[in-house]
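Subject: Structure handover, with notes on pockets and helix packing

Dear colleague,

Here is the structure I said I would pass on. My notes on helix packing and pockets follow below it.

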Amino acid sequence: MANAEMPSLAQRTGGPDGGVLKVARTRHYGQWIATFVIISLAALVVNSLITNPRYQWDVVFSYFRDVQVVHGLVTTIVLTVVAMVVGIVIGVLVAVCRDSRNRSVAAAALAYAGFFRGTPLLVQLIFWFNLAALYPVLSLGVPFGPTLVSGEANTLITPYVAAILGLGLNEGAYMSEIVRAGLQSVDPGQTQAAQALGMRRGQIFRRVVLPQAMRVIIPPTGNQTISMLKTTSLVSVIAIPEVLFRVQEIYSRTYEVIPLLITVSLWYLVVTTVLSTGQFYLERHFKRGDTHSPEPSLLAALRAGIVPRRARAAAPTGPAGTEGGRA
């Protein structure tokens, strides 16, 4: 009753339009200045790209769909996919072994992650490529017993196999830490509840722990995939004809170094954009049950990053001093 008799703020100020208070928008001058500076710098860069003839854009786009470049790009994508599959499988196994109750298994997993993260990837690639210098013949059999299968290392460890071993084993060490962080982010109460329901450890891991850990695992895994795409350029040192190797072959004959480097950079940007888009929607899929922070669409996220935000106007205040006049 007291609230109904109390005059609203608009009535006390004597608003000219029926007692509705006009709210002025907040000015965000700093955001508009930053946007102007960014657009100005972008315009300068674009102007330089267009007006400088030394970029030789006609040469860039003439090689963009060149057969050799496209074949090298396919090799790069295949290496990325295979290496990431190997790395993810090894990473999951090593992460599970790190949390094993068996101290020997946990110590072996820790030593694996420490060794492959502590040595340069380029050294690992060259080492696998020259494995025949240490072991001319590779054999598989009973320890201290008869040999079942054997073969020459130069025949078994081809450049492609050496590239997969180097990239996959190195990636497995990093993925093990990503997976382990995701598994540790799951509340232990989830495991205890599943055990109370009589579920086995394998079932608990597949059906309870791993689906919840995916929210933490997916973002860094997407970053590792994009990084792996660019890291495959290192395999050119062991004569794998990936996209950078193909480009180097071409400009060693034509001496058109800058245009061809721009060509390969554009292809990397195209594939990276596709992977980033897939990562965005994959993260959004695993966050679909999160009602606290709904994920916007990709276009909305891009628009929010370009256009400065404006303050939302306050709703009209009714006679009782509440929004829309409702108590």
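Predicted model: local features only at pLDDT ≥ 70, side-chain atom pairs only at ≥ 80, totals over all residues.

Helix α10 and helix α11

The angle between α10 and α11 is about 155°, and their axes lie 10 Å apart. As that angle is over the cut-off of 145 degrees, α10 and α11 are therefore roughly antiparallel to each other. Their crossing is right-handed. On the α10 side the contact consists of Gln190, Thr191, Ala194 and Gln195, and on the α11 side of Ile204, Val208, Val209 and Gln212. By class, these residues are 4 nonpolar and 4 polar, with no charged ones.

The largest pocket

Elements that give two or more residues to the lining are α5 (67-98), α9 (159-184), α10 (188-196) and α11 (201-231). The largest share, 5 residues, is from α11. The lining is made up of 8 nonpolar, 6 polar and 4 charged residues.

The second largest pocket

The second largest pocket has a volume of about 310 Å³. It is lined by 18 residues, and Ile218, Thr221, Gly222, Thr225 and Leu282 are the closest to its centre. At least two lining residues come from each of α5, α9, α11 and α13. Here too α11 gives the most, with 8 residues. The lining holds 13 nonpolar and 5 polar residues, and no charged ones.

Helix α4 and helix α13

From α4, the residues in contact are Trp57, Val59, Val60, Phe61, Tyr63 and Phe64; from α13, they are Pro259, Leu260, Ile262, Thr263, Leu266 and Trp267. This contact has 11 nonpolar residues, 1 polar and no charged.

Regards

Definitions and conventions. Residues numbered from 1 in each chain as written. Heavy atoms only, no water. Contact = heavy atoms within 4.5 Å. Helix = DSSP H or I, 4+ residues; strand = E, 2+ residues; numbered from the N terminus. Nonpolar A, V, L, I, M, F, W, Y, C, P; charged D, E, K, R; others polar. 1 Å grid on protein atoms, 1.4 Å probe; cavity = no way out; pocket = protein on both sides within 12 Å on 5 of 7 lines; lining within 4 Å. Points joined across faces, edges and corners; volume = space filled by probe spheres on them. Axes fitted to C-alpha atoms, helices over the stretch in contact; angles between N-to-C directions. Parallel < 35°, antiparallel > 145°, perpendicular 65-115°, else oblique. Left-handed = near helix turned anticlockwise from the far one by under 90°.
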